[in-house]
Amino acid sequence: DDPENAGRAYPVLYMQDGQNLFEKMPGTPAEWAADETATRLINAREMQPIIIVGIPHSGERRMAEYLPIAVPGDITPGGDRYVEFLVTQVKPRIDRLFRTLDQPRHTAIGGSSLGAAVALHAVNTRPDVFGSLLAESLPLATWDPAAWENYIRSIKAFPTRAYIGMGGRELGNDPANANRNRQYVDAAIKLDHAFASAGLDRSRRLLIIADDAQHDEVAWAARLPDALRFLFPPSMAEPGK
């Protein structure tokens, strides 16, 4: 609202599971604290000023809404339909209401768990809209890991910048889960290698494995500063903006 910003436009980060981004909801251990974190980093000039859009999930239908692949059971994947909703309804509305830099290089999409999976799907299927990826705790070892590996191999379009975060104890501290926990870490590393093979050097991709972190908002909030610094560094700000 400051007069000196009257003509300024901003990059946008579209985040899934918007209920937990800006406040702690009942039944969750924490919030992402996305607003406080971004404000602190922007004021410290550690990242560009951005607009964060939190898109709430649909409640009990969240799993189907975000799934980009078929999984065992009677769940119909809705990832394609959800990406269409983002592209045809959400983003046009945001671009109308706010001063956005609407090109793909200024448009990031992210989330955690299945929210990260559908964000990856959005970058894969609509690279003309979404350029950068923030993917926390991807469920690449859930249900049928081979199906996820096939999906990764089928990716045609890769992000221009990609952040991947994973906890070393996604399923908790029970020693019985040690092998599964390792599968999640290995899957994140494989995705990072896929991005590298697609031409993303270390200046355009960041992988963080937090050894003791679990699958929750506490972990995602703790890693968010690194993700925001990487995806929106001050050096990428538009000249004169």
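Ring pairs join Tyr66, Tyr82 and Phe85 into a cluster. Rings of Phe, Tyr and Trp (its six-membered ring) pair if their centres lie within 6.5 Å; planes under 30 degrees apart count as stacked, over 60 as edge-to-face and the rest as tilted. The model is predicted: local features need pLDDT of at least 70, side-chain atom pairs count only at pLDDT 80 or more, and totals for chains, interfaces and linings use all residues. Residues are numbered from 1 along each chain as its sequence is written, and side-chain values use heavy atoms, with hydrogens and water left out.

The whole structure holds five aromatic pairs. One of them is Phe158 with Phe195: the ring centres are 5.8 Å apart and the planes stand at 90°, so this pair is edge-to-face. Phe158 lies in the loop between H5 and strand E5 (161–167) and Phe195 in helix H6, so the pair ties together parts that are 37 residues apart in sequence. Helices (H or I, at least four residues) and strands (E, at least two) are DSSP runs, numbered from the N terminus.

The table gives accessibility for three residues. Buried means under 20% relative accessible area, exposed over 50%, partly exposed in between (1.4 Å probe, protein chains only).

| Residue | Relative accessible area | Class |
|---|---|---|
| Phe158 | 26% | partly exposed |
| Phe195 | 0% | buried |
| Leu41 | 0% | buried |

Another ring meets a charge. The charged end of Arg161 sits over the ring of Phe230, 4.4 Å from its centre. The test is NZ of Lys or CZ of Arg within 6 Å of the ring centre and within 35 degrees of the ring normal.

Next comes the nonpolar core, a set of buried Ala, Val, Leu, Ile, Met, Phe, Trp, Tyr and Cys residues joined through side-chain atoms within 4.5 Å. The largest has 47 residues, of which Tyr14, Ile109, Phe130, Leu138 and Phe195 touch the most other members. H4 gives the most to this core, with eight residues. Apart from it lies another core of 23 residues, including Ile50 and Ala227.

Helix H5 (residues 145–154) has Trp148, Tyr151 and Ile152 as its buried residues. They cover an arc of only 100° around the axis (taken from the directions from the helix axis to the C-beta atoms), which puts them on the same side of H5. They pack against helix H4 (114–125) and helix H6 (178–197); contact means heavy atoms within 4.5 Å.

Leu41 is in helix H1 (residues 34–43). Its C-alpha atom is 7.8 Å from that of Arg229, 188 residues away along the chain.
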